[in-house]
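Morning, everyone. I'll take you through one structure today, chain by chain and then across the contact. Please keep the viewer open as I talk.

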Amino acid sequence: MKRFMSRLGFYLLVAAIMLYTVFPFYYAIVTSFKTGPELFSADYFPLRWNWDNYISVFREQSFAHTIFNSVQVSFAVVAVSLFLGVTAAFALGRVQFRGRGLLLLTVLGVSMFPQVAVLSGMFELIRCLGLYNHLPGLVISYLIFTLPFTVWVLTTFMRDLPKELEEAAIMDGATPWDIIIKVFLPLMWPALVTTGLLAFIAAWNEFLFALTFTLSNTQRTVPVAIALISGASQHELPWGNIMAASVTVTLPVAGLVLIFQRRIVSGLTAGAVKG
Amino acid sequence: MNARSQLRPSLLTRQRVRTAWLFLTPMLIVLALVAGWPLARTIGFSLTDANLSDLSNARFIGFENYLVYDSGEWYGVLADGAWWNAVWNTLKFAVISVTLETLLGLIVALVLNTPFKGRGLVRAAVLIPWAIPAIVSAKMWGWMLHDQFGILNHILLSMGLIAAPLAWTASPGLALTAVIMVDVWKTTPFMALLILAALQMLPTDCYEAARIDGVHPVKVFFKVTLPLIKPALMVAVIFRLLDALRIFDLIYVLTANSKDTMSMSVYARQQLVDFQAAGYGSAASTLLFLTVALCTVLYITLGRVRFDGR
């Protein structure tokens with residue numbers, strides 16, 4: 001009996017955790033199918049499958065274009081971070097030289113920068129480059145938080161690869177570039193998937209820079225667009241539309257997380273615990 | 001082989017080091033461009049009266065943005081009540097939310113460390129709040145916390161816990177609580193997974209021994225588990241604390257520029273962008289940077305103590 005009770009208590013705890021984490025999404029989904037006065041009643045189940053909010057978000061707010069902006073920016077950030085990260089990780093993880101520890105510490109230090117601390121300097125830089133209100137400006141500014149972390153995780157991974165592989169390649173006359181491309185890269189894809197995913201999520205979610213460095217609706221990214229959805233008056237937010245947009249952008253992220261949860265967890269712990 | 005050639009690195013080594021620097025250069029240039037330079041410029045701006053609409057016309061004014069005494073009054077960020085209010089809000093937010101996240105994260109991690117059916121699913125579900133944009137979670141909770149139509153008021157009212165609906169995000173006493181509530185929901189998973197990783201690296205033999213000796217599980221937790229995961233726990237706490245000190249998105253969207261919840265980042269951005277006061281705002285940014293830098297230095301020294309001490 002006591003065993004049964006503790007078992008029951010445990011599963012109740014699991015259920016409570018599930019309810020706590022999932023309920024806000026569930027409620028957002030329920031709300032996204034409501035329009036007009038339906039919004040003013042608290043319901044635990046969808047009343048009917050009413051896609052009006054989704055249609056309105058995509059038609060009136062040109063949400064598809066916003067999503068495309070975010071996809072472009074995030075993929076560009078991932079590509080640049082991974083390229084710079086892999087080359088730097090090769091140097092930091094495979095070669096012993098003076099100042100290596102200091103460099104790694106600097107990289108770690110940059111990842112602690114509050115974004116606001118570079119805001120005015122970054123604003124000036126982006127305007128000087130003529131990228132204000134252009135997506136490449138966001139790509140450049142996002143590197144400040146994706147790059148340190150990419151370098152750090154890839155270096156940890158690169159350091160643990162067997163030395164013999166590299167020695168054999170050197171014997172065969174391979175250049176360092178060949179070694180990275182032909183020897184290490186095929187072994188590193190799990191680390192690349194992990195860091196790429198984390199960089200993608202970070203870029204996809206970024207708000208402060210996107211809010212400050214873009215101006216027109218055509219250059220908005222997803223978080224800014226959702227934050228700026230407004231109704232006829234300030235006190236009359238179109239909650240149905242906001243929830244529809246939120247659900248739309250959450251589903252792909254939730255899918256990625258469900259598929260790659262093991263990779264993401266290993267990346268997070270490599271970035272934080274080992275760091 | 002003479003002593004000279006033993007001391008000097010071989011040709012191959014020197015070549016490798018040269019290649020290493022070659023491979024590092026692109027990353028270092030980009031990092032200097034996107035981090036070093038903007039930071040230096042921000043600190044530079046903080047010593048000028050720059051305006052965001054025309055940054056080139058800035059005049060050097062020394063530390064006047066920070067603190068200046070003029071005709072019987074103190075001026076500058078450090079004399080601004082709103083700044084100290086923001087500092088106090090940020091500290092309160094950081095300490096309370098990180099404490100709650102650590103405690104809840106510990107519970108979730110202990111649950112996830114026990115094998116049961118559907119554990120993978122729960123672990124994935126727990127990750128989702130962490131992965132979605134802060135803006136989305138702020139909006140989702142903003143709706144749930146709505147003073148008239150929010151489900152939370154509805155639940156609390158029907159359970160008889162409150163007599164009248166609460167204005168979660170608007171009333172001065174509750175707004176920070178609401179922000180903390182959402183942040184705890186969003187970041188507990190991160191904590192839980194870091195703690196879980198530490199739990200899974202623990203040796204199993206001392207647990208076997210404790211089980212055979214019939215030690216109560218609660219005692220095992222406090223005497224064995226907690227001391228063993230403490231280093232990892234400390235790192236996770238400091239990481240989260242640094243993150244909490246720079247909080248912006250959640251507060252900005254959930255409660256806008258309200259004085260009751262304004263954090264240091266929100267204050268700095270308001271000065272910088274809304275009031276276009278690039279010099280003054282940069283001074284606030286620099287102060288935030290110094291606060292975080294101090295904590296980072298503390299973290300690195302603590303980390304070193306840990307590595308050398310054991």
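Let's begin with chain B. Of its 310 residues, 42% are buried. Keep in mind that this is a predicted model. The scores for the model are ipTM 0.89 and pTM 0.89.

How confident is the predictor in chain B? The average pLDDT there is 86, and 94% of the residues score at least 70. The two ends need care. Over residues 1–5 of chain B, pLDDT stays under 50. The model has 1 contact beyond four places in sequence for that stretch. Residues 305–310 of chain B also stay under 50. Again, the model gives 1 contact beyond four places in sequence.

Now the build of chain B. It has 12 helices and 2 strands. Walk along the sequence and you read α-α-β-β-α-α-α-α-α-α-α-α-α-α. Chain B is more spread out than a compact globule, because its radius of gyration is 25 Å, well over the 19 Å that the globule rule gives for 310 residues. Along the principal axes, the C-alpha trace spans about 90 × 75 × 35 Å. Take the contacts in chain B between residues at least 6 apart in sequence: 66% of them join residues at least 24 apart.

Most residues other than glycine have a negative phi.

Find B:Ser71. It sits in the loop between strand 1 (68–70) and strand 2 (73–75) of chain B. Is B:Ser71 buried or exposed? It counts as exposed, because it has 5 C-beta neighbours inside 10 Å, and the cut-off for exposed is 12 or fewer.

Now go to B:Gln276. This one lies in the loop between helix 11 (264–274) and helix 12 (278–309) of chain B. Phi of B:Gln276 is near 60 degrees, also a positive value in a residue other than glycine. B:Gln276 has 14 C-beta neighbours inside 10 Å, so it counts as partly exposed.

Look at helix 8 itself, residues 205–212. Of its 8 residues, the number buried is 0, so helix 8 of chain B lies largely in the open.

On to chain A. Here we have 11 helices and 0 strands. Buried residues make up 47% of the 275 residues in chain A. Its C-alpha atoms fill a box of roughly 75 × 70 × 30 Å, taken along the principal axes. For contacts in chain A with a separation of 6 or more, residues 24 or more positions apart account for 76%.

How is chain A divided into domains? The assignment gives domain 1 (2–40) and domain 2 (63–272). Their centres, taken over C-alpha atoms, are separated by 32 Å. Between them, 8 residues of domain 1 are in contact with 7 residues of domain 2. On the domain 1 side, that set divides into 4 nonpolar, 3 polar and 1 charged.

Next, the inside. The largest nonpolar core has 165 residues. Those with the most contacts inside it are A:Ile144, B:Val179 and B:Ile195. Helix 7 (residues 172–200) of chain B gives the most to this core, with 16 residues. Click on A:Ile144. Among the residues it touches are A:Val110, A:Phe113 and A:Val118, plus B:Val34 and B:Ala35 from chain B.

One last stop: A:Val222, in helix 10 (residues 222–228) of chain A. Why does A:Val222 count as buried? Because it has 28 C-beta neighbours inside 10 Å, and the cut-off is 20 or more. A:Val222 touches several residues of chain A, including A:Thr66, A:Trp204 and A:Val249, and B:Pro133 as well.

That's the tour. Over to you for questions.

Technical notes: Residues are numbered from 1 along each chain as its sequence is written. Chains are lettered from A and ligands numbered from 1 in the order in which they are written. This is a predicted model: local features need pLDDT of at least 70, side-chain atom pairs count only at pLDDT 80 or more; totals for chains, interfaces and linings use all residues. A nonpolar core is a set of buried Ala, Val, Leu, Ile, Met, Phe, Trp, Tyr and Cys residues joined through C-beta atoms within 7 Å. Helices (H or I, at least four residues) and strands (E, at least two) are DSSP runs, numbered from the N terminus. Two residues are in contact if their C-beta atoms, placed from the backbone, lie within 7 Å. Domain bounds come from an automatic or database domain assignment. Ala, Val, Leu, Ile, Met, Phe, Trp, Tyr, Cys and Pro count as nonpolar, Asp, Glu, Lys and Arg as charged, and the others, Gly among them, as polar. pLDDT is the predictor's confidence in each residue, from 0 to 100. The radius of gyration is taken over C-alpha atoms; the globule rule is 2.2 Å times the number of residues to the power 0.38.
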